[in-house]
Every structure is written in structure tokens, then in C-alpha cells.
Amino acid sequence: AVCSMGNSTSRLYSVLAKTLSSGAISQHQDCLEQLDPARLDPLDPKDLLEECQIVLQKRPPRFQRNFVNLKKNTASNHRPIRVMQWNILAQALGEGKDNFVQCPMEALKWEERKCLILEEILAYKPDILCLQEVDHYFDTFEPLLSRLGYQCTFFPKPWSPCLDVEHNNGPDGCAMFFLKERFELINSANIRLTAMKLKTNQVAIAQTLKCHETGRLFCIAVTHLKARTGWERFRSAQGCDLLQNLKSITQGAKIPLIVCGDFNAEPTEEVYREFSNSSLNLNSAYKLLSPDGQSEPPYTTWKIRPSGECRHTLDYIWYSQHALNVNSALGLLTEEQIGPNRLPSFNYPSDHLSLVCDFSFNQDPDRLL
């Protein structure tokens, strides 16, 4: 069924209707009742992208970013696995708590911002998508991405700060999506991180997948550690807990591992060193973009708050360097592209940049760590 949207009729209105304002939802309840993802037909990503671009036609075009080829002379006999990491900015926090003083409120309207987020995801077509600050999982990301062929998992924070915001859409949390045509789920764990033996408000999802093409197993994890200055020891403890969980899940690094996350930690912090020096033999993929392969990007988030400009490297994709190769990584936005008012903006929906890497399995899986 097609529902009327204002004076025009959109052939994909039923796809995006579920994320309209609550007032609009009540007007179209008959349409929304048909949106059970299990009963909906598959969705062509080109159609969804076209629908998003119609909504965004008054906004400036997407920034152009290019992939940097990092592949050494190692042949791969399988299609690379594209992994996308992104803190998408919870809608309730963007509108209600984060105080982006140079970002017009109009740029944060969910009806358009959700289309910017979807446009970014559709542009890079990840095989695995790891998101943080997701507070529109059930009414946007799960219904749409499941129709695009993804298996979807969400783990909310126990005490999400979104719940303190008036007219919130529920708690935010971590979400993971993988293409069912490429992978089979073998095991899934929702992890509530501890620090000093206390349960915390931060979470992780870790899933063991089997690649259909190669038959190889690997583990993919997503997390979002505690924010703010002064919480460095707390983040360190959370990182230790996550590493312990991942050591168990990967049988001590026998299963290759990719960890995506907003760690809220610069490379100078202890939690970064813990991941760098772990017995899981992890490397940070975005270091490979630097001339010497040893330095993280200068920033993955850039915003202006009442206290001033905040430019930090907080987001990472870690990987088992003995078992996986990084074929390419998506270059970051330049300062010129970001512009003087920084992020988020009419051009870009989050205060964090998306990270995207293409991985291939090492051809010698039995190589010593």
C-alpha cells in the first residue's frame, strides 16, 4: 500500500513513514501497522537512496571521500569484507544535551538527519556495520536495514542519558548489522562492561561469524566507552574487561577479531595502550593511513561546544594483524570540507566521522602470532 505524504505520493513512503514525528505517525497508523519487517519485501538500496536524496534535495551534497589503497603484494582469493564504524550521534543528545553551538537546530531535524545517516551507509555499502549512540533502532535502522538484507542486533545502555531528554525516543546503545548473504551467525554475546568489579553503563556486542565464501570464522565487536575527561582510569578498566571477554570468545586469538568503537580515548590514554599491547595482537587500522603506519589520524571528531573547540581522535577499528590484512581505508574529511562551524552540520549528520575498512583473511591462517 502507498500512503499519501502531504500533497505528493511517495512510492517508498511506507519505508520512511515509521520515523516521522509522533504526530504524523498517529495520522498514518493504518500504514504503519503494515511495517513488520518480517513480512515486508526486500528493499532495493537504490530506491532507498533515491528516497533519501529527495528528502535532502535542499541540503548541500554529500562530502566526497576516497578510499586509500593499503594492500601490499598479497593476493586474496575472496571478496574483501567491508566494515563500517560510526558514532551516529543520538538524536536526543544532539537536540537536547550536546550543545553544538555553531550547528543550527534545523540541521538536526530527525526527518532529514536520518536520511543523511542512511545516505552515508548506502554510499559505502558495508558488509558489517557497527554503530554507537543509536536511539532510533526499532523505528528506523532495524526496519530498514533488515529489508536491505542485514541481520540486526541492538544492546541499549542500562541508564541512557537520552532518557533525561524530553520527548526522547528511548535509550541509546550499540548496534551491529551484518549481511546475511555473506555471513552466518555462530555466536552472539551482549556484554555489559565492568570497571573495578562494578557493572557500568557502557556496553558491547561481540558476534562470531562464519564467512560463507571462505568458511573462515571471525569475531566482530562494537563498543562505546565512558566519555569525558577525568574518567581515564575508568575507561582503562572497561577496556581490560572487554579484552578479557574477547580473549574468551576468540579462544585466545585463535579466531580473528575486529573491534569497532568510540573509545572516548586519545591514543595517549592507557586504554589505547592496553589494546595495542594485548595478547590478541591487535593493530589499529587507521594508523595505516599515516606515512609511517604508526600514527593515528589527527581527528575523528570535531565540534564546537560552549567550552570551545573539541578536536579529538576517539574512534578506532582494531583488527588481528596476524590473521587479517587491511586492503583499504576510507580517507577522512579535510578541515576545509568540515568547514569553520565544524560538525554536525547541514552536510554531515554526526559529530564523529565514519571509519570504513576493507579486510581480507591472511592466506596463511596457521601462521604463528
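In this predicted model, helix H6 (residues 110-124) packs against helix H7 (residues 137-147) at an angle of about 35°, and their axes lie 12 Å apart. The crossing of H6 over H7 is right-handed. On the H6 side, the contact is made by Trp110, Lys114, Ile117, Leu118 and Ile121, which meet Thr140, Phe141 and Leu144 of H7. Sorted by class, the residues in this contact of H6 with H7 are six nonpolar, one polar and one charged.

Attention now turns to a sheet. Six strands build an open sheet with mixed pairing, and their order is E8-E9-E10-E11-E15-E12. E8 and E12 each have a single partner strand and stand at the edges, so one side of each has no neighbour in the sheet. On average, neighbouring strands of the sheet are turned by 20° against each other, direction ignored. The pairing of E8 with E9 is antiparallel and runs over 11 bridges; here Leu185 stands opposite Leu209 in E9. Helix H8 packs on this sheet, where it touches E8, E9, E10, E11 and E12, and its direction makes about 150° with that of E8.

Helix H8 (residues 232-249) is 18 residues long and spans 26 Å from its first C-alpha to its last, close to the 26 Å expected at 1.5 Å a residue. Its buried residues include Phe234, Ala237, Leu242, Leu243, Leu246 and Ile249, and also Arg235 and Asp241. Among the elements that cover the buried residues of H8 are strand E8 (183-195), strand E9 (198-211) and helix H9 (270-276). Just after H8, Gln251 adopts a positive phi of about 55°.

Note on methods: Residues are numbered from 1 along each chain as its sequence is written. This is a predicted model: local features need pLDDT of at least 70, side-chain atom pairs count only at pLDDT 80 or more; totals for chains, interfaces and linings use all residues. Side-chain values use heavy atoms; hydrogens and water are left out. Axes are lines fitted to C-alpha atoms, for helices over the stretch in contact, and angles run from 0 to 180 degrees between N-to-C directions. Helices (H or I, at least four residues) and strands (E, at least two) are DSSP runs, numbered from the N terminus. A crossing is left-handed if the near helix is turned anticlockwise from the far one by less than a right angle, and right-handed if clockwise. Contact means heavy atoms within 4.5 Å. Ala, Val, Leu, Ile, Met, Phe, Trp, Tyr, Cys and Pro count as nonpolar, Asp, Glu, Lys and Arg as charged, and the others, Gly among them, as polar. The expected span of a helix is 1.5 Å times one less than its number of residues. Buried means under 20% relative accessible area, exposed over 50%, partly exposed in between (1.4 Å probe, protein chains only). Two strands pair if DSSP finds at least two bridges between them.
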